[in-house]
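Thank you all for coming; I would like to take a few minutes on how two chains meet and on the spaces left around them. Please have a look at the sequence and the model first.

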Number of protein chains: 2
Amino acid sequence: MSVQSRTLLDIAAEVLVTDPAASLAQVARAAGIGRTTLHKHYATRDDLLYAVAHRALELWEGAVESIPDGPDGGLRALAEAMVPIGPQLEFLWRTPAFDHVVEITDRWKAVEARGLAVLQRAQAHGVLRTAPPWWLLQTFYSLIYVAAECVMNGKLAPADAPDLVLSTFLTGLGTVIA
Amino acid sequence: MSVQSRTLLDIAAEVLVTDPAASLAQVARAAGIGRTTLHKHYATRDDLLYAVAHRALELWEGAVESIPDGPDGGLRALAEAMVPIGPQLEFLWRTPAFDHVVEITDRWKAVEARGLAVLQRAQAHGVLRTAPPWWLLQTFYSLIYVAAECVMNGKLAPADAPDLVLSTFLTGLGTVIA
DNA sequence: CCGACTCTGAACACTCATGTTCGCGACGGT
DNA sequence: ACCGTCGCGAACATGAGTGTTCAGAGTCGG
């Protein structure tokens with residue numbers, strides 16, 4: 001059931017990102033199981049949504065957890081770990097309903113703090129310019145998000161994504177003014 | 001009705017961004033009108049959604065339309081014009097259902113081309129580094145989006161937004177490596 | 001071979017958003 | 001004062017998604 005549940009939640013995330021109003025029947029069909037069976041795993045629609053959200057948080061935590069320190073504070077490793085879980089992050093970030101669920105927002109804040117820690121490590125290494133922490137975080141995540149999106153619709157090779165994110169994040173897209 | 005319709009569509013955009021599954025009753029209540037009256041303006045839910053989308057496109061077109069050329073190709077003016085219409089852009093960008101509506105996607109592509117033209121003007125002025133056009137565009141828009149979001153929840157002063165977007169876009173957030 | 005388990009489609013009742021109609025009251029022009 | 005227009009709430013019918021139950025079919029292990 002662990003593997004089953006894993007792919008089920010991931011498929012659900014993809015379907016629900018594509019169409020947030022998708023019915024449970026669509027999710028079940030996409031997962032190749034019966035609607036009744038889906039209901040047996042997750043009694044209500046909210047149960048499923050929360051499960052997918054927690055699955056996303058779990059992956060996010062896993063990505064942020066074991067980021068080793070380094071010359072860049074672990075920035076590159078963080079980008080490498082987060083781009084592949086783009087679909088799940090998109091689902092989590094783009095579902096406003098979660099903003100009022102304490103279980104989720106608490107976990108969210110915790111993992112965000114871990115991400116911020118990486119950025120501040122990078123800052124301590126002198127890699128990052130002085131800027132408001134929330135702007136650093138939001139900018140970094142938005143680049144991850146965009147890169148993941150570009151990977152998904154085939155415009156960007158998965159292997160190129162982390163480099164692109166990192167170089168854009170650090171040096172921007174303007175010509176070097178020296 | 002022009003003014004009426006204007007504020008109505010803007011309110012609808014905000015409500016629907018906050019909760020994409022909001023019922024028409026919620027939208028009507030937020031707009032301070034009766035559900036029946038809302039129905040008289042926009043017969044179906046889809047009609048309302050499309051109207052909001054076209055309203056967003058209209059604002060977007062207006063923002064992108066009259067960008068004068070300049071040393072930066074008009075980049076700063078574009079950022080200044082787009083940040084204020086953040087809510088409408090969020091609604092447009094975050095509603096997957098529009099991806100399959102030709103009327104909207106056509107207009108979307110057109111205005112996106114105008115935005116890309118500004119970026120390429122900037123590139124011609126030597127302001128932008130060589131990079132895939134879609135990455136330039138996506139990155140720029142995502143910064144606009146994030147800045148608009150930060151403005152909305154009070155973390156960022158509206159007047160500071162364009163500068164922050166532009167400096168991040170051009171030089172990134174890393175320390176200058178000289 | 002048999003029992004336990006799971007998945008499955010069919011069917012059901014239920015809720016809720018939707019779309020429509022109708023009659024009432026307010027406002028503005030004549 | 002009269003009448004057309006407009007917005008409004010109440011009420012209704014409809015459809016779709018949801019959650020539940022049930023019995024049959026398949027698989028696996030004893």
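Let me begin with a term: a polar contact is a pair of N or O atoms within 3.5 Å, where, within protein, one must be able to donate a hydrogen and the other to accept it, and where residues adjacent in sequence count only if both atoms are side-chain atoms. By that rule, 20 residue pairs, both at pLDDT 80 or more, are in polar contact across the interface of chain A and chain B. This is a predicted model, in which local features need pLDDT of at least 70 and side-chain atom pairs count only at pLDDT 80 or more, while totals for chains, interfaces and linings use all residues. Residues are numbered from 1 along each chain as its sequence is written, chains are lettered from A and ligands numbered from 1 in the order in which they are written, and side-chain values use heavy atoms, with hydrogens and water left out.

How many salt bridges are there between chain A and chain B? The count is zero, taking a salt bridge as a side-chain nitrogen of Lys or Arg within 4 Å of a carboxyl oxygen of Asp or Glu.

As for extent, 36 residues of chain A are in contact (heavy atoms within 4.5 Å) with 37 residues of chain B. The two chains bury about 3200 Å² between them, 65% of it on carbon and sulfur atoms, where buried area is the accessible area (1.4 Å probe) that two parts lose on being put together, summed over both. On the chain A side, Arg129(A), Trp135(A) and Leu173(A) lose the most area to chain B, together 25% of what that side buries.

Turning to elements, helices are DSSP runs (H or I, at least four residues) numbered from the N terminus. Helix 1 (2-18), helix 8 (133-152) and helix 9 (161-171) of chain A each supply at least two residues of the side that touches chain B, and the largest share, eleven residues, comes from helix 8 of chain A.

A search of the whole structure finds one cavity of 30 Å³ or more, a volume being the space filled by probe spheres set on the points, which are joined across faces, edges and corners. Thr139, Leu143, Thr168 and Phe169 of chain A line the largest cavity, together with Thr139(B), Leu143(B), Thr168(B) and Phe169(B).

Note on methods. On a 1 Å grid over the protein atoms alone, a cavity is a set of points where a 1.4 Å probe fits but cannot get out, and a pocket is an open set with protein on both sides within 12 Å along at least five of seven lines; lining residues have an atom within 4 Å of a point.
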